[in-house]
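Visitor: Could you walk me through this structure, one question at a time?
Guide: Gladly; have a look at it first, and then ask away.

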There are 2 protein chains.
Amino acid sequence: MAMETSIWHKIHEDAEKWIREAGALLKKAIAGPLDVQTKASPDDLVTNMDKEIERFFIERIRAAYPGHRIVSEEGYGDEVNADEGVIWLLDPIDGTMNFVHQKRHFAVSVGVYENGVGRVGLIYDVMADDLYHVVRGDGAYYNETRLELLDEGRLDTAVLSINGTWLNRNRRIDPEIVRTIARRARGTRSYGSAAIELAYVAAGRLDAYLTMRLAPWDYGAGLILIEEVGGVISHVDGRELNLLKGGSLLVGKKGVHREISQVIRQAIADGLYVEGQ
Amino acid sequence: MAMETSIWHKIHEDAEKWIREAGALLKKAIAGPLDVQTKASPDDLVTNMDKEIERFFIERIRAAYPGHRIVSEEGYGDEVNADEGVIWLLDPIDGTMNFVHQKRHFAVSVGVYENGVGRVGLIYDVMADDLYHVVRGDGAYYNETRLELLDEGRLDTAVLSINGTWLNRNRRIDPEIVRTIARRARGTRSYGSAAIELAYVAAGRLDAYLTMRLAPWDYGAGLILIEEVGGVISHVDGRELNLLKGGSLLVGKKGVHREISQVIRQAIADGLYVEGQ
């Protein structure tokens, strides 16, 4: 039996408090005299901040919600093999490369699921101070503004988010498929943070987002936002996503998602390579 | 003979005032009830706002600086065939598609040149309220923060801005060249506003930016910012840029620029296609 509605609002409230505290810690790390981070061994320091923020969340979640399990990028969470009970999908810093190189365009992402159903999602674009958040059934929000339901959309007037990796030679998809999709669209963008790109899809700023490799913590919050505004979610060929397995991801407005997934299914039928087929 | 220094500070002051007023007009246009813009015929309305902002600037420039000439995107400026005297390169909205689709990630760009030498440059990322600005010789700034000189950089740890168009089949460059460059870099991004991408290079957030097609108003301000922090500017193969002609553009940290332009020159020597060769 599902828990009462109020628990999700309580979780939303707590998660928002923690995510803003985490944002303050990240801002401090960036602004401080430890600017050495970008010069010497940037990846190390990011790992340190990733770990620090992840531990920050895990301590608070365990104290407030001892029965909940946590799946997180740096691995301080729990071993979770099934989507039973309440699970927090946590990415302390989504967009690591942006964090190091740009000191912006990174996000903290927190998604809470109950028996596989998304309940509460928050994506915090730290440097922009933009919070995208949702309690399932109560609407998705960009800060204080309620996000509208996505319209149908169509590929030839769509702006897509696709990382250049997938237009290039790679191990996961024949790039000719992705190039065909990109040519049919009005334009493409790439921001380097899956969480921000998913939030943009929810906010209607991107018509679809396609990627060949994401983990549960990357999309945990974003999928709940997108579901709430009527966007469509699947693997790139339209197959249903397994929440805890990850893999390829295609999200977008209904019409745009349909056109893109059709191109991919046709390419697979024509013998082109797509991972997972 | 060059004019006195103080005139450039006066121009900077005026341009900043006007650019912020223009930003307020654009914000109003976006926030207003005329949201129909995104639905019916988005390109028309953008054209209207482009024209409105361009006229706004031209009126003010002509009143304050009657001897100056103006080169601008919508064509209300002057016929200018040589870079003699003082020229304003003006883009009222850089990132038109973002303006329509995202209501963010667009910029107003103003660059002032004297006898072909960049003197004053301002790029205003309207929705972020971020101003990148420079008076030649007095340092480049991101809002109140002085930008540091760019370090040498190297391609294998670089984040590049490259629109997916150039990784795809196109008329201006053999995409295999650009794909090779992208694979050697740490990552690629694409934001859909050349002015913002140039400002990011100046601010050290991107290590280089490569594009096959830009006009003087797109890069007028950005080049002055990048010159001020020691970045390198040329066509993609390293040839010198003609300010008023436009074409392909490669800007970046010295070492990254050198590695990329070498790849392109080698590809040309190998018989691959690059426009302008």
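Guide: One term before we start: domain bounds here come from an automatic or database domain assignment. Please also keep in mind that this is a predicted model.

Visitor: Into which domains is chain A divided?
Guide: With that definition in hand, we can read off the bounds for chain A. The division of chain A gives domain 1 (5-146) and domain 2 (155-269).

Visitor: How far apart do the C-alpha centres of domain 1 and domain 2 of chain A lie?
Guide: The two parts do touch: 40 residues of domain 1 of chain A are in contact with 25 residues of domain 2 of chain A. Between the C-alpha centres of these domains of chain A, the distance is 22 Å.

Visitor: What percentage of the residues of chain A count as buried?
Guide: Buried means under 20% relative accessible area. The accessible surface of chain A comes to about 11400 Å², and carbon and sulfur atoms hold 48% of that surface. Of the 277 residues in chain A, the buried share is 57%.

Visitor: How far apart do the centres of the positive and negative side chains of chain A lie?
Guide: Chain A carries 33 positive and 42 negative side chains. The centres of these two sets in chain A are separated by 4 Å.

Visitor: Which residues does Glu152(A) touch, not counting residues up to four places away in sequence?
Guide: Glu152(A) sits in the loop between strand 7 (145-146) and strand 8 (159-162) of chain A. Its relative accessible area is 37%, so Glu152(A) is partly exposed. Beyond its sequence neighbours, Glu152(A) touches Lys253(A), Lys254(A), Gly255(A), Val256(A) and Arg258(A).

Visitor: Is Pro216(A) buried or exposed?
Guide: Pro216(A) belongs to helix 6 (residues 216-228) of chain A. Leaving aside neighbours within four places in sequence, Pro216(A) is in contact with Leu89(A), Leu243(A), Leu244(A) and Lys245(A). The cut-off for buried is under 20% relative accessible area. Pro216(A) has 6%, so this proline is buried.

Visitor: Which residues is Ala221(B) in contact with, leaving aside neighbours within four places in sequence?
Guide: Now to chain B, where Ala221(B) is found in helix 6 (residues 216-228). Ala221(B) has 0% relative accessibility and therefore counts as buried. Its contacts beyond those neighbours are Ser109(B), Val110(B), Gly111(B), Gly121(B), Leu122(B) and Ile123(B).

Visitor: What is phi of His105(B) near?
Guide: His105(B) is placed in the loop between helix 3 (96-101) and strand 3 (107-114) of chain B. With 14% relative accessibility, His105(B) counts as buried. Its phi is positive, in a residue other than glycine, and is near 65 degrees.

Visitor: What is phi of Asn115(B) near?
Guide: Asn115(B) has its place in the loop between strand 3 and strand 4 (117-125) of chain B. Asn115(B) is partly exposed, at a relative accessible area of 46%. Phi of Asn115(B), again a positive value in a residue other than glycine, is near 50 degrees.

Visitor: Which residues is Asp138(B) in contact with, leaving aside neighbours within four places in sequence?
Guide: Asp138(B) lies in the loop between strand 5 (130-135) and strand 6 (140-142) of chain B. Asp138(B) is partly exposed, with a relative accessible area of 33%. Its contacts beyond those neighbours are His9(B), Arg146(B) and Glu228(B).

How values were computed:
Residues numbered from 1 in each chain as written. Chains lettered and ligands numbered in written order. Predicted model: local features only at pLDDT ≥ 70, side-chain atom pairs only at ≥ 80, totals over all residues. Heavy atoms only, no water. Buried < 20%, exposed > 50% of the residue type's maximum accessible area, 1.4 Å probe, protein only. Areas by Shrake-Rupley, 256 points an atom, 1.4 Å probe, with all protein chains shown as cover. Lys, Arg positive; Asp, Glu negative; His and termini not counted. Charge placed at Lys NZ, Arg CZ, Asp CG, Glu CD. Contact = heavy atoms within 4.5 Å. Helix = DSSP H or I, 4+ residues; strand = E, 2+ residues; numbered from the N terminus.
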